[in-house]
Structure formats: C-alpha cells, structure tokens
Amino acid sequence: MSRIGKQPITVPAGVKVAIADRQVTATGPKGEMSLVLVGDVAVAHEDDVLVVSRANDDRRNRALHGLQRTLVANLVKGVSEGFTRELDIVGVGYRAAAQGSDGLDVTAGYSHPVHVKAPAGITFEVPTPTKIIVKGADKQLVGQVAADIRKIRKPEPYKGKGIRYSDEIVRRKAGKSAK
C-alpha cells in the first residue's frame with residue numbers, strides 16, 4: 001500500500017467537493033478547480049474526509065495512487081488557502097514594479113524592463129522593489145510563473161546577482177586571482 005496514497009485528506013470548512021465519474025471538483029473561497037483522475041484510482045467522500053483508493057495492485061495503479069492523492073490534496077488546499085512563491089531580486093539597479101492587476105515590470109540589467117503578464121488566477125505582490133510574491137490557487141501554475149520570472153535573469157555564481165527563490169541557496173565561486 002502506498003504510504004502517501006493511504007493518508008486521508010481532510011476537507012476544511014467552506015470547501016465543497018463534488019465527485020462525478022472520473023472528475024473531482026473543489027469549490028472554496030479562492031475559486032473553483034477540477035481534476036480528472038487517471039488510472040484505476042477512485043476517490044470516496046466520507047463526511048469531511050476524502051479517501052483515495054486503487055482498484056488493484058497493478059504496477060501502474062500503485063505508481064498513480066500516491067500521485068493522485070497528492071493532486072487531490074493540492075486541489076483542496078488551493079481552493080481553501082492558495083499557494084505562494086516568493087522571489088528575491090539581487091543586484092544594483094535590479095527591481096520589480098507591479099503594473100496594476102495585469103502584470104509586473106522587471107528591470108534586471110537589460111536595456112528595457114521586461115513585462116510579465118499575469119495569467120488568469122495568478123496575482124503578483126511587490127512589497128519591496130526587490131521582492132516578488134506570486135499567489136494563486138493552482139500549485140503547478142504558481143510554480144511555473146515563478147520559474148518564468150526567475151528565468152528572466154538567473155542567479156549567477158560570481159556576484160550572486162539575479163532573481164532567485166527566497167529559499168534558494170546560490171553557491172558562490174571564487175573569481176580570478178590576480179598574480
């Protein structure tokens with residue numbers, strides 16, 4: 001039995017979960033999201049708990065059991081709390097500015113600021129010019145948007161300049177040694 005797959009998912013107050021055919025739909029204060037189940041994995045709704053089970057012990061079903069449970073748990077957490085990803089900007093003259101609700105302008109050493117448009121369901125916060133917070137209900141989309149922003153100017157190992165995740169550690173290299 002999958003250690004992750006057998007764990008129950010508690011549904012918080014204010015979140016409604018509907019299961020129809022192979023589709024799980026969750027509605028909460030942060031929005032509505034749905035997921036189509038793959039393989040012979042089923043979700044049962046018991047009181048305020050969701051239980052993910054598999055039909056048999058085929059190799060494919062064992063592999064998908066824990067994955068489907070985690071995806072359903074992320075679905076429930078996303079519509080109730082949401083997900084955030086924080087980015088730090090390091091470098092002289094590197095900064096970000098929010099452009100209303102439609103996007104973000106990032107100045108990262110290029111001749112022009114780079115405009116990042118916010119996809120549907122994603123919001124940007126810029127508490128300081130060197131900090132960006134990406135928020136949304138879909139964990140995968142939040143991570144992808146944060147990765148796209150980081151890709152504008154990846155952190156470099158010599159001076160540490162660039163855009164990095166707040167929890168990222170950049171290993172520094174020694175520069176040239178003068179003789």
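Two strands are taken as paired if DSSP finds at least two bridges between them, and strands (E, at least two residues) and helices (H or I, at least four) are DSSP runs numbered from the N terminus. By that reading, β5 and strand β6 (residues 49-54) run antiparallel and are joined by six bridges. The structure is a predicted model, in which local features need pLDDT of at least 70 and side-chain atom pairs count only at pLDDT 80 or more, while totals for chains, interfaces and linings use all residues. Residues are numbered from 1 along each chain as its sequence is written, and side-chain values use heavy atoms, with hydrogens and water left out.

- The open sheet consists of three strands in the order β1-β6-β5, with antiparallel pairing, and its edge strands, each pairing on one side only, are β1 (9-10) and β5 (41-46).

**The β3-β4 hairpin and Val-24**

- Strand β3 (residues 23-28) contains Val-24, and six bridges join β3 to strand β4 (residues 31-36) in an antiparallel arrangement, with a hairpin of two residues connecting β3 to β4.
- Val-24 stands opposite Leu-35 in β4, and Val-24 is buried, with a relative accessible area of 1% (buried means under 20%, exposed over 50% and partly exposed in between, using a 1.4 Å probe and protein chains only).
- Leaving aside neighbours within four places in sequence, the contacts of Val-24 include Ile-19, Met-33, Leu-37, Val-43 and Leu-75.

**Nonpolar cores**

- A nonpolar core is a set of buried Ala, Val, Leu, Ile, Met, Phe, Trp, Tyr and Cys residues joined through side-chain atoms within 4.5 Å; the largest has 21 residues, and among those with the most contacts inside it are Leu-87, Phe-124, Val-134 and Ile-149.
- Elements that each supply at least two residues of this core include β7 (83-90), β11 (122-128) and α2 (139-152), and α2 gives the most, with five residues.
- Apart from this core lies another of 20 residues, among them Val-11, Met-33, Leu-35 and Ala-73.

How values were computed:
Contact = heavy atoms within 4.5 Å.
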